[in-house]
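Trainee: I have a model open and would like to go through it with you. Can we start with the sheets and then move on to helices and charged pairs?

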Amino acid sequence: MKTIKLDIIDENIYYDKLDNGLEIYLIKKEKFNSSFVSFLTNFGGLDLEFIPINEDKMVKMPSGIAHFLEHKLFEQENGESVHDFYNKSGAYVNAMTGYKKTRYIFKGSNNFKENLNYLLDYVQSPYFTDKNVEKEKGIILEEARMDLDNPDVKFRETIFKNLYTSELYNKTIIGTMDDIKSITKEDLYRCYNSFYHPSNMVLFIVTNEDEKEVFNLIKQNQNKKKFKKDFVIKKKEYIEEEKVNIEKEIIEENVQESRVCYSLKFKLSSFKATKVEVVDYLFIMLGILVGNLSKFNIDLITKKIIKDNISYSINWQKVKNEEYITVSIYTLTDKYNKFITLLEKQLLSKNYTKEDFDLFKKTFKSDLNYYFDSVNGIMNFMISEYDFNGSISNETLEIENNLNYDKFKEIIGKFNIKNKSIVIMKKQ
Amino acid sequence: MKYKKIDLNDYEIYYLNTNKFKTIDILTFFISDYDKSDITKDNVITEFLINTNNRFKDEVSMSKNNMELYEPRISINDVFTTKHAKMIDMRFLNEKYTEEGMNKKTIDFYYSLIFDPNIDKGGFDKTNFDITVDKIKSRIKMDKEMPRVIAFNNFIKNIKEDVPLKVDSSPKLKDLKFNRKELYDYYKNEIDKSKVVVFVTGEINDDLINVIKSNLDKKVKKNDYEIQKYFDLDKVIKAREIVKKTDFNQSIIYILYKIYNMTRRERNVILPVLNEILGGSSSKLFNNVREKNSLAYYVYSSFAPTSSMLYLSAGIEKSNYKKAVKLMKEQVNELVNGNITDEELNNALETLSSSLIEKEDSIVSLTHDISTVVIYDRMTSEELLKENKTVTKEEIINLAKKLDLDFVFLLEGDK
């Protein structure tokens with residue numbers, strides 16, 4: 001077990017990697033009553049094409065399989081419901097599936113060791129039958145129906161599908177109705193066995209318990225189980241082009257307000273900087289040019305070109321050996337062409353100052369302190385750091401704490417709008 | 001955790017001194033009478049106050065100021081029961097994590113949002129007023145995209161009694177008929193006639209309390225309001241069924257029960273336990289409607305203690321409506337017939353107790369908790385933890401027998 005010291009905010013993270021490959025991050029907080037545990041696997045909605053373990057041919061799974069699998073792991077062979085177990089100690093239990101990861105969580109104020117053991121056991125004991133798979137379809141179809149009634153879900157999925165040329169984002173996390181109906185227990189076992197190996201999983205823990213005891217408990221739990229040695233995941237290697245997939249798409253939908261998303265796609269390597277630097281500097285740039293520090297936003301609202309504040313997000317995706325960064329800028333408007341023209345002018349304007357830059361730097365450390373003020377905040381910190389970097393380290397925070405204006409200008413100098421994708425969701 | 005009270009002439013302060021958190025939380029209540037036609041005005045005011053004030057007259061300078069203050073988290077919410085409560089909450093970093101003098105600057109800024117809003121020539125500033133109204137209009141429209149919002153608003157419309165649950169707190173286009181001067185006059189009058197109560201949690205010292213006092217002294221008046229703690233309801237003559245068709249994919253059910261003659265213990269202690277057994281995380285509704293019969297992704301129950309009501313809800317496929325309603329009602333009947341296992345009761349009590357203990361880990365939950373005790377006469381977490389230990393099955397059964405089905409509402413998805 002080693003200690004990762006987060007110097008900037010004077011906090012410690014305990015870390016270990018077991019012989020079976022399972023990584024564990026633990027933050028101890030004696031002042032909090034409750035503990036929060038997330039058991040994560042690097043398997044999500046995008047992972048449909050792979051060579052299953054003990055097989056030699058590439059398969060393509062129905063869309064929605066990672067999410068379906070997440071639902072099914074709550075079913076136990078002995079008939080006990082996972083919810084019932086956790087309810088006995090009053091703990092909250094849930095799970096969630098994203099594009100790249102699935103997480104199983106519990107949060108509670110007592111029975112921590114029993115609850116942790118149970119989490120490891122139920123996630124590592126798949127039990128799928130034809131009957132229990134069939135039963136789940138009705139539930140997931142209702143969840144899918146709920147998503148169909150949310151236009152923003154379709155909007156988001158279209159944005160990603162249009163950014164990537166490979167089939168990577170050509171699917172939804174929940175799956176299509178037909179695909180959900182077609183899933184079998186064999187499909188689930190193939191996915192489970194191919195991705196739910198400890199070497200592909202991570203435990204995140206926030207607790208008031210003694211860290212050594214917790215690590216020992218996990219080791220003992222894992223030592224009782226057999227896992228395949230030399231485990232390798234063979235996912236399909238997509239070919240991704242630098243260029244966006246579709247430059248402009250207009251979708252007509254039953255919405256009350258039209259909306260537009262303007263996205264840009266970059267190869268990380270084009271910035272000649274680390275991902276941390278690029279993403280952080282891009283966030284600052286967007287905050288200054290189109291966000292809360294920008295008169296641009298308010299001007300467009302006052303002139304009734306847009307109907308609500310501009311929002312933005314940055315995402316990243318590794319495809320083969322290249323990492324892609326995408327920037328997406330959204331707003332509500334039916335004057336999309338005018339908005340896009342003005343937006344592009346603003347993005348190229350270089351209207352940023354050191355004074356504005358320094359304001360973002362000021363809030364970096366305070367943001368960390370907000371995270372560490374609650375159990376949920378600490379868990380969110382760990383998950384988002386891991387999601388971004390594939391690990392949690394002091395080095396990343398040090399880079400962020402040492403962002404400087406000259407480097408900002410240098411990196412943002414490489415920003416351009418050559419590779420864009422626009423999605424418009426228009427009122428029918 | 002024990003809060004201390006400072007009873008001042010014109011307002012009250014309740015504070016809890018704890019060094020558990022890096023932040024300090026201040027929640028200020030402005031309580032007054034209201035007319036339902038003024039709900040939209042309060043929505044606009046809430047949106048207006050948070051974006052600018054008289055010193056920072058545009059959103060950009062306001063944002064910059066927020067960043068200078070290390071980004072305090074500020075929210076304003078309106079709760080409409082028998083009275084209107086405007087709740088302004090701010091969570092900010094204790095200055096020992098930022099820089100000396102920040103506590104005072106941040107609290108001064110917080111109160112400037114309320115007492116020094118962005119005005120011009122006798123009314124709210126025109127540019128920002130217009131921006132705010134346009135944003136509200138947009139959000140009213142966007143609500144029509146959300147079936148669960150539409151379902152809930154239509155569900156509560158069918159409640160006959162004038163209870164808090166019936167109040168639709170969202171803004172209405174038809175009520176956006178005021179100018180910036182009228183709205184400012186309404187706001188000034190509201191502040192003037194409000195009862196003011198402040199709740200503070202964190203590392204509190206006399207200096208901090210004095211800063212709060214300096215911001216409130218001579219700015220608020222003593223006003224007294226009695227918030228009705230509960231409603232007695234008329235008996236149901238005949239249960240109703242209401243259907244509204246839409247072109248959504250999913251259908252949404254609401255089933256409303258009235259509850260008669262609850263004691264204080266039933267309202268505060270027994271009803272939450274009943275609700276947890278009926279519609280909590282591993283409950284009768286969850287296990288039977290979702291898990292065993294696969295009829296819904298979400299199904300739950302919820303209660304409105306002041307309104308003396310309990311309701312069930314589920315999102316289903318249209319063709320399963322009758323089956324789902326039958327099953328949902330059956331779960332209520334299970335309670336009435338005493339079909340509650342020891343495990344169900346113990347699990348519900350553990351879940352509720354656990355969530356009470358966990359509230360102490362969140363500074364905002366702690367602050368809000370004490371406010372519900374003071375303002376809405378709820379029991380404290382300590383009291384509830386003690387009371388939970390004595391809950392019996394008989395009490396739950398007796399309370400279940402007081403449930404009376406009022407109506408079933410279906411927002412039918414016809415797509």
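Trainee: In what order do the strands of the open sheet in chain B run?

Mentor: The order is 1-2-8-3-5-4, with 6 strands and mixed pairing. Strands and helices here are DSSP runs numbered from the N terminus (E, at least two residues, for strands; H or I, at least four, for helices). Two strands count as paired if DSSP finds at least two bridges between them. Before going on: this is a predicted model, where local features need pLDDT of at least 70, side-chain atom pairs count only at pLDDT 80 or more, and totals for chains, interfaces and linings use all residues. Residues are numbered from 1 along each chain as its sequence is written, chains are lettered from A and ligands numbered from 1 in the order in which they are written, and side-chain values use heavy atoms, with hydrogens and water left out.

Trainee: Which are the edge strands?

Mentor: Strand 1 (4–7) and strand 4 (73–80) of chain B; each pairs on one side only. From one strand to the next, the twist averages 15 degrees. Angles are taken between N-to-C directions and run from 0 to 180 degrees, the axes being lines fitted to C-alpha atoms, for helices over the stretch in contact.

Trainee: How many bridges are there between strand 2 and strand 8 of chain B?

Mentor: 7, in the parallel sense, between residues 11–17 and residues 195–202. B:Leu16 has B:Thr201 as its bridge partner in strand 8.

Trainee: Which strands of that sheet does helix 1 of chain B touch?

Mentor: Helix 1 (residues 39–51) touches strand 4 and strand 5 (84–93) of chain B, and its direction makes about 175 degrees with that of strand 4. Contact means heavy atoms within 4.5 Å. Helix 7 of chain B lies across strand 1, strand 2, strand 3 (23–32) and strand 8, at about 160 degrees to strand 2.

Trainee: Over to chain A. How many residues of strand 3 are buried?

Mentor: 5 of the 6 in strand 3 (residues 23–28) of chain A. Buried means under 20% relative accessible area, exposed over 50%, and partly exposed in between, with a 1.4 Å probe and protein chains only.

Trainee: What does strand 3 of chain A pair with?

Mentor: Strand 2 (residues 11–17) of chain A runs antiparallel to strand 3, joined by 4 bridges. A:Tyr14 stands opposite A:Leu26 there. The two strands form a hairpin with 5 residues between them, and A:Gly21 in the turn has a positive phi of about 100 degrees. Strand 3 also pairs in the parallel sense with strand 9 (residues 201–207) of chain A, over 6 bridges. In that pairing A:Ile27 stands opposite A:Val206.

Trainee: Helices next. Which residues of helix 11 in chain A are buried?

Mentor: A:Tyr336, A:Phe339, A:Ile340, A:Leu343, A:Glu344, A:Gln346 and A:Leu347.

Trainee: Which exposed residues are on the face turned away?

Mentor: A:Thr341 and A:Lys345. The buried residues pack against several elements of chain A, including strand 12 (259–267), helix 9 (275–289) and strand 15 (420–427).

Trainee: And what covers the buried residues of helix 11 in chain B?

Mentor: The cover includes helix 2 (82–88) and strand 8 (102–108) of chain A, along with helix 8 (264–279), helix 13 (381–388) and helix 14 (393–400) of chain B. Among the buried residues of this helix are B:Leu345, B:Asn347 and B:Glu358.

Trainee: Charged pairs, then. How many salt bridges over all chains?

Mentor: 75. A salt bridge is a side-chain nitrogen of Lys or Arg within 4 Å of a carboxyl oxygen of Asp or Glu. One of them is between A:Arg259 and A:Asp152, at 2.8 Å from N to O. A:Arg259 lies in strand 12 and A:Asp152 in helix 5 (residues 151–163) of chain A, so the pair ties together parts 107 residues apart in sequence.

Trainee: Is A:Arg259 buried or exposed?

Mentor: A:Arg259 is buried, with a relative accessible area of 3%, whereas A:Asp152 is partly exposed at 30%.

Trainee: What about chain B, where does B:Lys221 find its partner?

Mentor: B:Lys221 meets B:Asp192 in a salt bridge at 2.9 Å, N to O. B:Lys221 is partly exposed at 44% relative accessibility, and B:Asp192 is partly exposed at 37%.

Trainee: Which residues do shared partners join into one network?

Mentor: A:Lys72, A:Glu75, A:Lys135, A:Glu136, B:Arg290 and B:Glu291. Within it, A:Lys135 and A:Glu75 form a salt bridge with the closest N and O atoms 3.6 Å apart.
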